[in-house]
Every structure is written in structure tokens, then in C-alpha cells.
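Have a look at the model first, then read on.

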Amino acid sequence: MTRQEVRAAIVALAEKLKQVPTVPELMKHAGIDRPEIRKHFGNYKQALEECNLEVPERGRKLEIDKLFLDWAEVVRALKKIPTLYEYERRSKYSARPLTRCAGSWNMVAERMKLYAEEHGLDGEFRDVLELIELQPGGGRGGATASSTEVSAERSKDSRPTYGALIAAWGHVYGPTNESGVISLFGAMAERLGFLILKIQTEFPDCEAIRVAGKDRNRPVKIEYEYESRNFLRHMHDPAKCDIIVCWEHNWPECPLEVIELKKEIAKLGKCKSLPRMETDEE
């Protein structure tokens, strides 16, 4: 189709529907897909502006469960993991929400796999997960992760489990879960150049001020994780966070800055001596 034909089709459909059509409606009723729009206009917003149609306000943010179901439907139709181009041709949505959620399109399949396992969908979508595992690196970060946090929580042994001996910043042992990371970072924050403003239950976990130089301070949003890859497992949006603070950094492709407390303790000197305990005899 020519540029003029695409523009005429958009206007005609808008008149028929009595509203500005969405891209899925344009694909369904006029046979015009996203690649055709990009070819002539760059994006759909530009196409609407050239048609003198009002660009609708952004709708509600797509929930991850809807994105997962839609992505899984495309995987089943293709019987393989879709490329970005294939997904946009078949999906009801653009690739942008998934790409934003995963950090990059190459990470989408792994993120969908983690979501399915986290929400008990690995049985219903076993065929989809098997297709993910067939691609290079597809099985990493799955349910077989053997982190101290997971093994400690699932252990049948009722005895307490402690982390590595660090004897620093008021902590005898290193953390074995996210709560331990929060506690340790709170003790180390000032030394690492942070002043904590607020800790909250919703994402991201922390708002803080970061010292950026003399008379220069910058607000930052921090998410705490025991392992950095848990950020991916929890389906957090990288666009709404600045830094991941964790005990172990095991996500090489992470799009955010990561502060690994284990490494920071080694740099700052983890061999601090324990405070001397007074006794009644003294």
C-alpha cells in the first residue's frame, strides 16, 4: 500500500468506528499492520497526526498477566520463540511493554519463563516453557536455582541457617534473604554514599539521596534483592528503578546499576573485629 492509501484507510475506519482506531483494529478491519505503518510514518502517533486525528491518551498500563498470555499465544501459534518482528505482526500489543519489562527483547523469553514458574503456570504452559528451554541459554534462571535464600526457605530442617561470616557493620553473618540485605545496606548506606529517605512495601523498596560530589546530591530509587536476578523473577519494571542492591550479583545482562554488598564489604574491609562483649565478672 502507498502512504496515501494507508492514510485513507485509517480515516475511513475512524469514521466507521466513530472513534480513532487502535492498531489491532486497523490490522483486523483494514489489513494494515505495524510494519506497514512504520514503513510510511515511523510510528502510529505520527500517522494519526498526518490524518488530522486526535492521538488518544495512553490507556491503562498493561498488566503482566495479560502480556504473558498474549506472548504465550504467539509462541504456541508459531511453535517457537518469536522475533520482535514476528511478535508485533501477531500480537494484540506492541513489543514495547514486554521490552520495557524485560530490559531488552532478548530477555523477554527468560522473563516469561520466570513469571510462569513464579505463578505456578509451568504445568499449564509446559509446552511454551519447553520451547524457551530449546533456545540457547533458555533454561537459566529457572526453578532449579540453588540460591541460599531458596534452599534455606525450602529446607525441612528447622534449625536456623546463617550466611557467610562478615563481622562488620553490626552484623555477625551475611544475609540469607532480602530482609538481611535491607538491614545490611542500612548499616552501610552512609559509607557507600547514600542517605535513606524512605523504605516502603511497594516497588521500588527504597527512596534515597546519593552523594554525587561536593554540594551535589541526586535522588535515586532502589530495589533490594538477595540475588540480582530476582529482580527479573519478580517482574519489576527497570524503567522505574535506578539501582539494585543485592548480596550476590548473578544477572550479567542487568540493565541497571547493581551494588553487590558482598563485593562492597570486601572493598571496605570485611575483616573488622567484633565488638568486645562485657561480662558480669568484669
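What follows covers the salt bridges and then the nonpolar cores.

Keep in mind that this is a predicted model. The salt bridge count comes to 14, and the largest nonpolar core has 35 residues.

**Arg3 and its partners**

- Arg3 pairs up with Glu50 in a salt bridge, with the closest N and O atoms 2.4 Å apart.
- Arg3 sits in helix α1 (residues 3–17) and Glu50 in helix α4 (residues 44–50), so this pair ties together parts that are 47 residues apart in sequence.
- Both ends are partly exposed: Arg3 has a relative accessible area of 28%, and Glu50 has 27%.
- There's a network here too, as salt bridges link Arg3, Arg7 and Glu50.

**Asp127 and Arg76**

- Asp127 forms a salt bridge with Arg76, and their closest N and O atoms are 2.9 Å apart.
- Asp127 belongs to helix α9 (residues 126–134) and Arg76 to helix α5 (residues 64–78), so the pair ties together parts that are 51 residues apart in sequence.
- Asp127 is partly exposed, at a relative accessible area of 34%, and Arg76 is partly exposed with a value of 34%.

**Glu207 and Lys198**

- Glu207 and Lys198 make a salt bridge as well, with 3.8 Å between the closest N and O atoms; that counts because the cut-off is 4 Å.
- Glu207 is partly exposed at 28% relative accessibility, while Lys198 is partly exposed at 38%.

**The largest nonpolar core**

- In this core of 35 residues, Trp71, Tyr87 and Leu98 are the ones with the most contacts inside it.
- The elements giving two or more residues to it are α5, α7 (96–102), α8 (108–118), α9, α12 (230–233) and β6 (243–248).
- So which residues does Trp71 touch, not counting those up to four places away in sequence? Its contacts are Ile81, Pro82, Tyr87, Leu98, Trp105, Val108, Ala109, Met112, Val128 and Ile132.

Technical notes
Residues are numbered from 1 along each chain as its sequence is written. This is a predicted model: local features need pLDDT of at least 70, side-chain atom pairs count only at pLDDT 80 or more; totals for chains, interfaces and linings use all residues. Side-chain values use heavy atoms; hydrogens and water are left out. A salt bridge is a side-chain nitrogen of Lys or Arg within 4 Å of a carboxyl oxygen of Asp or Glu. Helices (H or I, at least four residues) and strands (E, at least two) are DSSP runs, numbered from the N terminus. Buried means under 20% relative accessible area, exposed over 50%, partly exposed in between (1.4 Å probe, protein chains only). A nonpolar core is a set of buried Ala, Val, Leu, Ile, Met, Phe, Trp, Tyr and Cys residues joined through side-chain atoms within 4.5 Å. Contact means heavy atoms within 4.5 Å.
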